[in-house]
Amino acid sequence: MTTLFVSDIHLAPDRPDLSAAFLSFLGGPAREASGIYILGDLFDAWLGDDDLAHPAWRPIIQGLRHLSDGGAALHVQHGNRDFLLGEAFARACGARLMPEAELTTIEGETTLLMHGDQLCTEDHAYLAWRKQARDPRWQAQFLALPLDQRRLLAAELRAASSAQKAEKPAEIMDVNAHTVAAALRAAGQVRLIHGHTHRPARHEHSIDGVRCERWVLPAWGPPGGYLESTPGGLWPRPWPSPTDSR
Ligand code: MN
């Protein structure tokens with residue numbers, strides 16, 4: 001039995017290719033896993049749990065539900081795109097919503113799990129938006145709007161964010177080394193797994209003389225992939241092609 005880690009799948013109604021690939025993951029390698037961690041941005045945008053009935057999400061929710069019904073432990077973390085995933089979504093999937101940073105033990109190894117956006121502390125404009133978007137009052141106001149209006153607002157926000165992103169230097173979009181070191185030190189010099197930056201890698205950090213691994217998950221698009229944890233360690237795996245589905 002293994003534990004799998006994925007993030008940044010960015011499912012969207014106009015990307016049936018991503019949904020098909022994710023469904024072949026759910027129906028393939030995920031069926032062999034005892035635990036599945038989705039570390040943020042499963043959805044490219046989540047407008048609120050009242051959008052659960054959207055036809056694009058139905059097979060996804062069903063696929064996740066099938067795994068949890070089969071006994072797999074399903075853990076879902078918020079990303080910067082789907083921070084409005086709520087308890088109704090979690091109930092529908094049989095999943096557990098994770099806190100934004102979680103320390104857990106995977107195959108005997110203490111591991112810190114994060115989406116990773118909170119490590120990108122050089123992006124001050126993003127941090128200001130993150131603070132606003134995670135404010136319960138802002139969320140309540142947004143969720144009170146009609147779904148269609150939320151959809152429009154989300155599209156506007158996304159367009160504005162990709163316009164800004166085009167102007168930001170690449171290093172601002174990556175994690176800040178000091179913030180990573182602080183997080184690893186606070187957690188007690190552990191292993192860190194996160195996504196968000198779409199820069200898959202295995203890094204080594206020396207924190208007060210202790211070597212700590214930092215694994216960055218790939219985004220769920222070609223070449224894409226996920227991490228598999230076995231008693232021997234973590235292994236990057238390619239995403240299955242839709243024909244691999246069992
Ligand atoms: Mn992200």
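The lining of the second largest pocket comprises 9 nonpolar, 1 polar and 5 charged residues. Here Ala, Val, Leu, Ile, Met, Phe, Trp, Tyr, Cys and Pro count as nonpolar, Asp, Glu, Lys and Arg as charged, and the others, Gly among them, as polar. This is a predicted model: local features need pLDDT of at least 70, side-chain atom pairs count only at pLDDT 80 or more, and totals for chains, interfaces and linings use all residues. Residues are numbered from 1 along each chain as its sequence is written, and side-chain values use heavy atoms, with hydrogens and water left out.

The second largest pocket has a volume of about 210 Å³. Its lining has 15 residues, with Pro 13, Ala 45, Leu 47, Arg 151 and Arg 158 nearest the centre. A pocket is an open set of points on a 1 Å grid over the protein atoms alone, where a 1.4 Å probe fits, with protein on both sides within 12 Å along at least five of seven lines; lining residues have an atom within 4 Å of a point. Volume is the space filled by probe spheres set on the points, which are joined across faces, edges and corners.

The largest pocket has a volume of about 840 Å³. Of its 32 lining residues, Asn 80, Arg 81, Tyr 126, Trp 129 and Ser 161 are closest to the centre. Helices H4 (124-133), H5 (136-144) and H6 (147-167) each give two or more residues to this lining. H6 provides the largest share, 7 residues. Helices (H or I, at least four residues) and strands (E, at least two) are DSSP runs, numbered from the N terminus.

Asp 41 (OD), Asn 80 (OD1), His 115 (NE2) and His 196 (ND1) coordinate the manganese ion at 2.1 to 2.3 Å. Donors are N, O and S atoms within 2.8 Å of the metal (3.2 Å for Na, K and Ca); water is not among the atoms, so sites may look incomplete. Asp 41 sits in the loop between strand S2 (33-39) and helix H2 (58-69), and His 196 in the loop between strands S7 (191-194) and S8 (201-207), so the pair ties together parts 155 residues apart in sequence. Asp 41 is buried, at 1% relative accessible area. His 196 is buried too, at 17%. Buried means under 20%, exposed over 50%, partly exposed in between (1.4 Å probe, protein chains only).

In the largest nonpolar core, of 38 residues, Phe 22, Leu 64 and Phe 89 touch the most other members. Such a core joins buried Ala, Val, Leu, Ile, Met, Phe, Trp, Tyr and Cys residues through side-chain atoms within 4.5 Å. H1 gives this core its largest share, 5 residues.
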